[in-house]
Amino acid sequence: MARVPVTFTVNGDEQAEFIAPGALLADVLRDKLGLTATKIGCAQGTCGACTVLVDGELKLSCLIPAERVEGASIETLEGLAKNGAPLHPVQAAFAENFAAQCGFCTSGMILAAKTLLDRNQEPDRAAVVDAISGNICRCTGYEPIIAAILAAAAEMRGRKSA
Amino acid sequence: MSKVRGRGVAAVNYPTGMNLGGDPSQALVHATTTGNFVVSLSSTDLGQGLKTVMAQICAETLGVPVETIIIDTADTDTGPHCMGTFASRGTHRVGNAIIMAATEAKKALMDVAADELEVDADDLETDGKGNIQVKGAPTRSMPVFQAALAAHFKHGKTVSGRGIFLVQRSYPEPETGHMRPATCYAHACTVAEVEVDTETGEVAVLSLKSAYEVGRALNPKMVEQQIVGGAWMGMSHALYETTEPYYPARDHGPVDFNEYLMPGPGDIPEFQAAILERPSEDGPFGAKGVGEMTANSPIPAIANAIFDAVGVRVDSLPITPEKVLRGILEKGIASSEQRK
Amino acid sequence: MEHVKQFFASERPEGLKAVGVSEPRSDIHGHVSGQTRYYADRTFPGMLYLMMVRSPHHHARILSVDTSQAEKVPGVVRILTHKDVPKNVYTILCLIQVEPDDEPCLAADKVRYKGEQVVAVIADSVAAAREAVARVKVAYEELPAVFDVEEALKPGAPLVNEFHGQNWFVYEGHHCRRVRHGDIDKGFAEADFVIEERYQSSPIEHAPVETTGCIVVPEANGRYTCHSNTQALFFTLDNSALILNQPFQKLRLVGGTVGGGFGGKVDVIVEPIAFLAAMLTGRPVKYAFSREEEMQVSSPRAAERIYVKDGVMRNGRIVARQVRLYVDAGAYSRHSPYGTTKAAAHMPGPYTIPNVHVDCHCVYTNRTPSSAMRGFGVTIGDFALEVQMDKLARLVGIDPIEFRIRNAYRDGDMKAHGETTKGAALIETIQAASTLAGWPLSDEARRASSTAGVVR
Amino acid sequence: MPLQVVRVESVRHAVAILAAEGGARFLGGGTLVMRDVNAGDTTIDTLVLPDGLGLDRIAIDGAQATIGASVSMADIPRHPALAFLKPVAGAIGGPAIRSMATVGGNLFAPYPHGDFAVALLALGAAATIEDLDGTRTVDLEDFFKNRATRGIVRDVRFVLPPGGAFRFVKIVRRKPHGASVLSIAALLPVVAGKMSGARIAYGAMAATPMRARSVEAAIEGQPLDKTTIAAAARVAADGCAPLTDPQASDWYRLNVLPVHLARLLAKQP
């Protein structure tokens, strides 16, 4: 079958792949690059499990043909604590607050939360709720996730002022 | 705008396990030569945290640190039989199998340690920190590591154990239905507070305050995970969810998470919970299965709270705004009228 | 979360070290770093994708199946029909001697619900599989369908499932699972009030964020490894071997890390057909439900219809409870015959009632087969019972919490299914909840105990 | 069969491809077309990318606003002149959807979606459409009478409303964001204490976004007081033909529309 070349940056590393035309970014990340933190829960844009950052904006990688992000900079959950680096405060807060059960939504949740906190250092509950409103969790009842994000925000403010 | 509040209660119990099919699970425990313990299972972790709690049960039984337990599960080539993860059976059935296996392994460990320390095995205990010591004389001790090493290289003995927990199948008596459907029962009671919009039938759940009797909370934070997630699912069942919104008509079945309705992060009520423990006779350290039960009491509690608020009984799930509104209109409650 | 220590303190041994402690979840670092591996986080060279041609009808006779156009789609490797499945008709609970086998892996002569599996397409890409699915031609003759449980039980209703021969599961010669305790007629005759109410639920989807799926990989030693998110590995292995008519040792199930289950992954649907596809193609095969399939084709929690008739005394004692419960099993048994018995066992709820009469029906209709879900056999029953308790409390003018405590089961009480109550803790749980919620209790209710008998 | 993804030099080029290839689709954010592709719509064989065509610009010229079709819902509230549309753009979905979903795509969103289009309808917007015949301007009300175009929406244009004159509400089951039970957008300019040039639009009250002409007539020239609002509520459902879907039945939508309309009109700006 025909293959087309794509080049983009993922978590700071340049990647060049030959892919099937129309292949989804989510599939390329997972199957070609082995970056399986990005999950596919619906392929409809309704669950948020495939959330990644494209040039700093949250996007759903199941709705993006990989050819569309030619030259772009992609961030996935694997990029948050790369090569054994310490966990990002949002990751640490999810762990401390028991904010995951099955873990399948966690990648999208953490990226959504991290993006919020990058832009808003003092989010109130409503801002946190909005930030994760596109991410479905079936296990936790959301409350521990909201608590974890608020805790991460406080932690990040603390680090900044320290 | 006319919003009315109401409060409702519901109390339930929940059976642990699937006695009606016969309910066995097995576990194998063996020590590595360096004093770690591998628990071999074929049980599945769905997200409820089985791997964590099974390690805690094994550590408690052996009296060793939990971090020295390795859970190796879910490969039918290496793990002994498990019926599966369902019916709130995992903690209870698999936990009991691990206790049995770990008890046998511990005995083998203690026998080796007894030889090494030149005491009677009955006089030895583990200290929970990785040592075996003489009861009442903790200075006479040896690390578990040394005992495991000696077992293999010096004594030629395995430090291992086999465990099974079988609940014999109960066959219901066809005429009377006499049977033994479960080994033990957990309990829950929820008080729900809701606010009903009398003009639109929309229901907001303000709080779910619940007590749960769980036998023994083996990992309290993980019990809390089940409680909060379960209460949310109960609320979801009560007010939102179905694959057939106009049942028994088959039309308009949802196919995605926009159409399949569940509460979002903006619908979360205040959750409060209290834990009670009445250990079950046959549970691992008294634990009962609670994963399923946590979703059950909120559903009728919310239904009863809606009645308390607006005097409308919706006896079919889910209790949609439409059903509530139809009930209100049928009762002729004027939109501006204040009942309370 | 508050730990209430005042109750049952003498029954709790002290000195536990590793349990009773909120250890961090051993999987949490994997979850937050994205390193937890689920079944689909594996790729295998040459992996094929299986997609299903499904019934567009609720009930229809299959007149013909034409796969010729689909076979021509580039990338299509194999197409399977019922003829390819060694033992096509099975029932999951045959492993615990539930009979009869009533469900085809791939529909043969009839389809009995919309979405039923008819033809499996195996291709080297998802796109090719989709294209081929669209090109499979199945001719149907539509049949009358039945969707209401009570309609299905009436004479002359369309017969859903010929393997049963009637639209209900037979329990040792009975048309329903029965529980009989005391004398129900006497109970109603004694009662000051008798009410009968009807409760109904609709099917509910487990909706785990990870859909049901598996990958089967042929191994060099002639065995087949199935990476699956099933909740029950051996159930899946054993059923698959029976369906495929293969020795058990040829199959291996690997799993254990699942993106949410809630009972939705205990059916054995994707694995047998994926095993077969891998055997016939010699290549790894993935079969995963799409979200739409998960929502509409995978088993939901059954819809239930429940009639509860109660006799109650002015003083708040319930003296008779009659329950007629209908489980909408959909077209096939799956786990429903079991859940229906579990529902019967649960009646009349955690209350001591001297006269109980329960009939629980497992009914076949032309909808998606239902199966296990969190609270299987109990959740909807609890909804009915606990709304009923609220109605009864109001009927006799007693506070609903007091009313429950008055009727709550206590140690030593006889249950309707013939067991003596032990380990009861309903009263204390209610007391703790009322404290938490600031719901005032009378002294009598506050003093009540599961361990102190009462004169009824 | 195998999808091809095409980058084009110009809108004209894209229009030509769409006209020539029955299986070609012009991508907006991907939330509609890519979903169809993933759901197995095998009629789609070519995806034409909108990127680099300059359709992602917002231009404000005095009171005239021009929003390019590729402008995303996340872009809208970032522009100071469009901040009044934040409640609309913010209600389209979660952050990831908002950074993908486009203004142009929203015009094609199937029932019950398309809440941004509802707002545009209330603002009296027109769409600039380019097809083989050239470029034309279509009033959105006319656009919704027949959305089947092989052309491409380049932008939407409208006159910025006076401060405080625009109101919006979207009723959802799942909070904070879900599909519409219904949505209402209202342009309520006040001249000398009375409604002047009011426009009301509904989402999910018909197969496509619609104007509420009876309501507009009921409030035009009136002060927005209790009497006027009651009169508006009485005619709220005129001309509505909502559908039944998993969010709500047609009955429910018709019954609560007057309530939500009255609440929106009574809301203090």
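Biologist: Which domains does the domain assignment of chain D give?

Modeller: The assignment gives domain 1 (4–49), domain 2 (58–159) and domain 3 (166–266) in chain D; such bounds come from an automatic or database domain assignment. Before we go on, this is a predicted model, where local features need pLDDT of at least 70, side-chain atom pairs count only at pLDDT 80 or more, and totals for chains, interfaces and linings use all residues. Residues are numbered from 1 along each chain as its sequence is written, while chains are lettered from A and ligands numbered from 1 in the order in which they are written.

Biologist: How many residues of domain 1 of chain D are in contact with domain 2 of chain D?

Modeller: Two residues are in contact if their C-beta atoms, placed from the backbone, lie within 7 Å. Here 11 residues of domain 1 of chain D are in contact with 17 residues of domain 2 of chain D. On the domain 1 side, helix H1 (residues 11–20) of chain D gives the most, with five residues. Helices (H or I, at least four residues) and strands (E, at least two) are DSSP runs, numbered from the N terminus.

Biologist: Now a sheet, please. What is the strand order of the open sheet of three strands in chain C?

Modeller: Strands of a sheet pair through backbone hydrogen bonds, either parallel or antiparallel. Two strands count as paired if DSSP finds at least two bridges between them. In chain C the order is E7-E3-E9, with antiparallel pairing.

Biologist: Why is one side of E7 and of E9 in chain C left without a neighbour in the sheet?

Modeller: Strand E7 (110–111) and strand E9 (137–142) of chain C stand at the edges, each with a single partner strand, so one side of each has no neighbour in the sheet. Strand E3 (residues 60–66) of chain C pairs with E9(C) over six antiparallel bridges, and C:Ile62 stands opposite C:Tyr140 there.

Biologist: Which way do the residues of E13(C) point?

Modeller: In a regular strand the side chains alternate between the two faces of the sheet. From E13(C), C:Tyr224, C:Cys226 and C:Ser228 point one way, and C:Thr225 and C:His227 the other way. All are buried, meaning that 20 or more other C-beta atoms lie within 10 Å of a residue's own, with C-beta atoms placed from the backbone (12 or fewer is exposed, in between is partly exposed).

Biologist: Which strands does E13(C) join by bridges?

Modeller: Strand E12 (residues 213–218) of chain C runs antiparallel to E13(C), with five bridges, and C:Val217 stands opposite C:Thr225. Strand E14 (residues 251–254) of chain C runs parallel to E13(C), with four bridges, and there C:Thr225 stands opposite C:Arg252.

Biologist: Which residues have the most contacts inside the largest nonpolar core?

Modeller: A nonpolar core is a set of buried Ala, Val, Leu, Ile, Met, Phe, Trp, Tyr and Cys residues joined through C-beta atoms within 7 Å. The largest has 416 residues, and those with the most contacts inside it include B:Cys58, C:Leu50 and C:Ala274. Helix H2 (residues 90–117) of chain B gives the most to this core, with 13 residues. Leaving aside neighbours within four places in sequence, C:Ala274 is in contact with residues including C:Leu50 and C:Cys226.

Biologist: And how many residues does the contact take from chain C and chain B?

Modeller: The contact takes 101 residues from chain C and 103 residues from chain B. Helix H12 (residues 426–437) of chain C gives the most to the chain C side, with eight residues.
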